[in-house]
Each structure stands twice: as structure tokens, then as C-alpha cells.
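Dear colleague,

Please find below the structure that I am handing over to you. My findings follow it.

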Amino acid sequence: TQKKDITYMDRDSYGGIPIYFSNKIQFATTEFDVIIKLLNPKSSSVNISAMSEYLSASYITNGKTLYKDISWLLPYQTLSFKKKIFSINNKKIFPSFHFSDEKKVSNYLDQSINNSLSDFVKRFTGPVTINLSGGTDSTLLFAKIRELQPNKKILTNTYFHSDWRKDLNDWKYAELASKKFKSDHKLINITNQKFCRNHFEYLKKIKHVSHTFASSFYLQNKNNTKFPILNGSGPDESIIGTEKIPIKDLLNLRNLPKNFWDKNLIEDIDYLKLSEKNIKKYLLKKYRSKVNFVNNRLSIASELKESKNFVEFQRRYHAVTVLQDHILEISQVGSVIGRPIIFPYLTQDIFNIIFSTPFEILNKNGVYKSIIKKLLERYIDKNFVNRPKIGFQAPSRPYFAKKNGLGGSMNNLLKVNNSKFFDLLCLKDAVTDRIENSSNIFKRYDFL
């Protein structure tokens, strides 16, 4: 919107469409690659604290990017442009009203998902692609679109690391869903060497850091036909929050005193796998004083302290941190491959319903996302819906421990013995430690 000489920009409460901006070139856009091309950033413009946060947690928070001159707008912020300067103001996004009737919540949610998908099929009348994981969220979208348009051409795809764990079998359930709801289905087999090649190809295109799932998502979709892509992101991060501890343990923290919320969430649950102290050891001395990413996370947490209890607090925190990373990264892939990515769960109506409903109703009887699973049970067998699901994962140590693929590339990079940012001798020791400590999940975290 525009008033007099001020331009205002805003995001929906879920932040379903990213906004990047730069005061240096007085420019804002929804496409990261556009602002990168205009700025053409050099190594001197790298944000050391943001890079350090990425090494610690594999994503960057608080509107930071790898570059000092590029930021992104958080969902609880508005952006104004006046006299050639961008300014940020905070706004309230979380609703103050509360639902307590599970049946009503289920009906509201069902209708809101239907409305979102009805709008989608009106906007995109031709064929569509669904990233079908075989899990609850994407399968429900698939079932509902098929219900809305029985004859619509739907393509589905999923990816599977075929040279890794054989117990990750969600791709088989994706095939079952494809047969039941009728789609042209494709399984993308990913190996270490294929992943490595596509990872570097993708990084060269985006000129930014990336979580491993983004590289897999890029590989999954880059060669498919040019149809809009439906993605099921949203329910995990907003209905649940963290999945790093069992639901029973999370509920036991419901009445945790407010003065312990920050530490418990940021240091214990949303744990930073590498502390600021450790990160400083790996950097060249001249950069060590610039490592300050914990304060960024604390500043986000401070905006959410009005939450009713710790469980609701951590849900809100994940919606404005982890979910934002997923949106940014998936949207970035869409921009690179030239296809619109649609997030049907990320509407304002669904946001208001989800954050007006207590965790215990959304995840009834200790079942994660029970409110969504009940909706899916109307379309497919309960055994499909309620099976144990591991979710999307990508290998870290197994791939880096090999002599080819990621392992070979990493060794070649370390042999160069020339870095503008890192103390490579110290880094080599840390890399070796993580590859050899195969039984210690904390030590083998894929900061590699």
C-alpha cells in the first residue's frame, strides 16, 4: 500500500510469500535471485554472525541472510519505505481468541483447507504437481484435490536416498496414495554422487547457504514438467512446534516458569548443535568477535512471551523460525526452476484456527497432528494414516564418510588450505571428529 510519500509492505501471518529487501540498493522483492543479481555480493559482504548461525543450526533466523546488505521480513513485521530508507515495525499476528471445542475446530479447519484448494484449482486450471511424501499433510491435499476435481491431471513425485537407510519407506506409502487417488507418479532415487553434484549446482545458482532438504527438493523437481507445485509445509511447525523431544516430555514442560523458556527452547530443545564458543574456534581470529547469533534468537523469543504457556510459546517460535526457513528455501527452489510453489496450508484462516486452538486439541491423546490425521481418515485406511513416520531426512555422516560424493568434495576443499573465513587446521580436526564419532548423534551433526 502507499500513503503520500511512504510505501508499506506486509506479509500474511504465516509468511507464505517471502519479502527480501536491501537498503544499499533501495530495493525489495519476493525473489532472492533478483536481489542477488542486482547486488552481486562479494565475500567482504558476508554476514559472519548469520554464517555462524547457519553452521550451528543449519538455518538463519531473525530476518538475516548470508549477506549484510540483504534482509528478509519476518511475518510479525511490516516494512515501510520513506526517503530512500527501509524501516521495520512490529505488529501482532497471533490471535487472542481461543477455541475449545474439538469438533468445531475440525470443521473450521476442514472448510478452510477446502477453501484454499478451491481457490487453487480456480487459479490453476491445468495439470498440477504435488510433492507427495507419503505422509499426512501432502496426502490430505492430494485426496481433497481429487475430490474437488475427479478428472484433473495430477502428477506426484517423491524422493528417496536409495543408498542410505532401508527402513525409510515413506516413498512406498506415496506410491500407495498415488494408486488410490490416481496420479502419474515418479520416484526420484538420490545417491551420494547425484546429491553432491546437484547440491553444488544448486548453490551456484542461489549464491547462498542451503539446508540439505532444499538440494534434494531441487533435484526432485528440476526436470519435471512445468506445472505449478503444491507443497504441504506448515502443519508440523505450527501444530506441533518442535519434534526433537517426545510429546509426553513436551507436555510436561507446559507449566515451566516463564524465566526458563528461552534457555529451555533455544539451548535445550531447539538445540544449537555448535555453541558460539565452538564456532569461534573454527573462524579466523579477525571474525570471532562478530559471532552473536544467540542474541538474534533471544530477540525473537522475547516477542512471543505473551504465550499462555511454554508449549504454546515453542509452537509460535517454530512458526517464525523453522517454518520461515522452509518457506524461504522451498520458494527459492521454485524461483530457480521457474515454477510457482503453492502452500495450501499457509492461509490466514488456517493460521487463525491453528493458533487459537490449544496444543492438546490439535495433538489429542499425545498423537502428533491428530486433528489433521482425523481428516485424512475420511479418505484412506487408518493404518496408512497412523503408521510410524520418520519424515524427510538426508544423510550427513554416511555421505561425508565416503571417498566419493560429498566426502570426496569435502576432502578436496580442505586440501586447498586457503579460506577467507575459517581456520582450516582447526576445522579439519572437527570434521574428522564428527565422521569418526558415528555413535554420538550430537557430535556427528551435519555442520559438515
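In what follows, two residues are in contact when heavy atoms of theirs lie within 4.5 Å. Please bear in mind that the model is predicted.

In helix 6, the residues Lys194, Phe195, Asn198, His199, Glu201, Tyr202 and Lys205 meet Thr212, Ala214, Ser215, Ser216, Tyr218 and Leu219 of helix 7.

Two packed helices are described by the angle between their axes and the distance between the axes. For helix 6 (residues 192-206) and helix 7 (residues 212-221), the angle is about 95° and the axes are 9 Å apart. Helix 6 is therefore roughly perpendicular to helix 7, since angles of 65 to 115 degrees count as such.

As to the whole, the protein chain contains 21 helices and 12 strands. Its radius of gyration is 22 Å, close to the 22 Å that the globule rule gives for 448 residues, so the protein chain is as compact as a globular protein of that length. The C-alpha trace spans about 60 × 55 × 45 Å along its principal axes.

Of the 448 residues, 55% count as buried. Finally, among contacts between residues at least 6 apart in sequence, 74% join residues at least 24 apart.

With kind regards

Methods. Residues numbered from 1 in each chain as written. Predicted model: local features only at pLDDT ≥ 70, side-chain atom pairs only at ≥ 80, totals over all residues. Heavy atoms only, no water. Axes fitted to C-alpha atoms, helices over the stretch in contact; angles between N-to-C directions. Helix = DSSP H or I, 4+ residues; strand = E, 2+ residues; numbered from the N terminus. Parallel < 35°, antiparallel > 145°, perpendicular 65-115°, else oblique. Rg over C-alpha atoms; globule rule 2.2 N^0.38 Å. Buried < 20%, exposed > 50% of the residue type's maximum accessible area, 1.4 Å probe, protein only.
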